[in-house]
Amino acid sequence: MSHTWTNWGRSEQSHPARIAYPGSTAEVSRLVREAVAAGTTIKAIGAGHSFTAIGATDGILLRLDRMNRILARDSTTGRVRVEAGISLHDLNPQLKAMGLALPNLGDVDPQSVAGAISTGTHGTGGKLLGISAAVVGVQLVTGDGEVLDIDERHPWFGASRVTLGALGIVTEVTLQCVPAFLLHAREAPMALPELLQQVDSLVADNDHFEFYWFPHTEKALTKANNRVPDGTPRKPVGRFRHWLDDEFLSNTAFDGINRVMTRKPSWIPRVNGFAGSVLGAREYVDDSYNVFVSPRTVRFRESEFAMPREALPSVLRELGQWFGAGHENVSFPIEVRFTAADDVWMSTGHERDNCYVAVHQYWRTDYTSYFAAAQDIFTAHGGRPHWGKIHTLDAGYFSQAYSRFDEFVQVRDELDPARTFSNAYLGRVLG
């Protein structure tokens with residue numbers, strides 16, 4: 001019997017022969033051995049929030065939904081061991097109840113912990129790192145069904161924190177958490193030319209800074225989030241303002257507008273100009289994960305690349321020139337974020353301070369030409385694509401983009417010599 005799996009963005013589909021729901025590492029090990037004996041592949045999938053086929057398989061598909069518990073907490077070090085299938089959405093409030101938090105998060109939270117770290121989910125912060133940098137231990141089931149624990153002393157530690165799903169099935173993760181904290185969020189419109197003149201200081205002077213640029217305009221929305229002193233009270237967004245801004249305007253109304261603009265693309269520049277003009281400033285103070293994460297119910301496809309920070313003005317200028325040449329009208333804002341260099345072998349932040357530029361397209365609209373043009377601009381500036389977001393690059397490119405690429409492939413050869421965990425995506429990006 002064949003099943004059908006589709007990712008959240010409706011950009012990928014596969015037909016696994018079997019779907020299994022293991023509840024423990026021992027069950028995962030048994031299922032891997034069964035896959036090896038049958039000569040088939042096996043892949044784990046989380047929320048399906050990757051826009052690539054990184055988790056697709058026509059063999060055995062593992063859903064880790066039942067592996068969703070916090071297993072241990074060290075109150076002295078702030079380290080927490082979790083099962084790999086727990087979602088960030090469920091984990092964050094449980095950490096808060098312990099007085100803990102992850103130091104950085106992306107802007108959505110349905111992903112499983114294993115999915116988020118395996119694809120290099122990051123967030124923003126000029127002096128901060130992605131989620132994988134908080135990983136201090138990984139347990140995975142290897143290609144022969146053995147269970148391997150990797151910690152900071154292990155020679156493969158740098159490979160284990162962003163695995164791409166190529167080294168094994170991640171079953172447990174130990175996270176270095178920080179004391180729970182509140183963020184003071186400031187959101188304000190700013191003209192793009194002015195923003196780019198100040199971008200270095202905006203990144204340096206805020207704990208977390210990002211902005212959204214509306215294509216075909218010079219309008220942008222900035223978001224600056226900063227930690228507050230102990231004792232500062234929460235002042236979250238009011239219930240009505242949250243509904244109006246974050247649920248109705250950003251999702252319900254935005255989806256309706258995009259449905260119309262798929263039939264009337266000539267309206268897009270005027271609508272973007274209007275949207276950029278009506279967005280107002282707001283401030284609030286809330287738990288870190290409530291500030292980082294925004295509701296996203298409008299389906300879209302996304303491509304995101306990390307580039308050296310100094311490349312940002314050129315990258316945005318070249319995107320603006322592409323829009324100005326009349327190639328295509330794009331309704332979704334372009335998201336720009338920042339992180340510091342890390343030492344994770346296959347992280348987009350490996351050994352480099354980055355800006356991240358993400359382009360999106362409504363799921364009912366063909367993204368092909370837009371993303372191809374953006375990729376050409378990004379790669380001309382040394383871009384590294386997010387592993388869970390759309391790109392067409394292969395191992396030849398990545399062997400030059402990552403200094404530890406060959407070592408990562410060697411680890412893969414040792415842990416999965418028969419390619420039990422492979423698929424077409426991994427064959428392309430790793431060779």
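Visitor: What makes strand 9 and strand 10 a pair?

Guide: Two strands pair if DSSP finds at least two bridges between them. Five bridges join strand 9 (residues 135-141) to strand 10, so the two count as paired. They run antiparallel, and V138 has I150 of strand 10 as its bridge partner. The model is predicted: local features need pLDDT of at least 70, side-chain atom pairs count only at pLDDT 80 or more, and totals for chains, interfaces and linings use all residues. Residues are numbered from 1 along each chain as its sequence is written, and side-chain values use heavy atoms, with hydrogens and water left out.

Visitor: How do you know what counts as a strand or a helix?

Guide: Both are DSSP runs, numbered from the N terminus: helices are H or I with at least four residues, strands are E with at least two.

Visitor: Which strands are the edges of the antiparallel sheet, and why are they called that?

Guide: The order of this open sheet of five strands is 6-7-11-9-10. Strand 6 (70-74) and strand 10 (147-151) each pair on one side only, which makes them the edge strands. On average, neighbouring strands here are turned by 15° against each other, direction ignored; such angles run from 0 to 180 degrees between N-to-C directions, with axes fitted to C-alpha atoms, for helices over the stretch in contact.

Visitor: Where is the parallel pairing?

Guide: Parallel pairing is found in an open sheet of three strands, in the order 3-5-4. Strand 4 is joined to strand 5 (residues 60-63) by four bridges, and K43 stands opposite L61 in strand 5.

Visitor: What packs on the sheet that holds strand 5?

Guide: Helix 1 (residues 25-38) does, touching strand 3, strand 4 and strand 5. Touching is contact, that is, heavy atoms within 4.5 Å. The direction of helix 1 makes about 170° with that of strand 5.

Visitor: Why is N206 called buried?

Guide: Buried means under 20% relative accessible area, exposed over 50%, and partly exposed in between (1.4 Å probe, protein chains only). N206 has 13% relative accessibility, so it counts as buried. This residue sits in the loop between helix 5 (192-205) and strand 14 (208-213).

Visitor: What makes the approach of N206 to N226 a polar contact?

Guide: A polar contact is a pair of N or O atoms within 3.5 Å; within protein, one must be able to donate a hydrogen and the other to accept it, and residues adjacent in sequence count only if both atoms are side-chain atoms. The side chains of N206 and N226 meet this at 2.8 Å. The N206 side chain also reaches the backbone oxygen of L202 at 2.8 Å.
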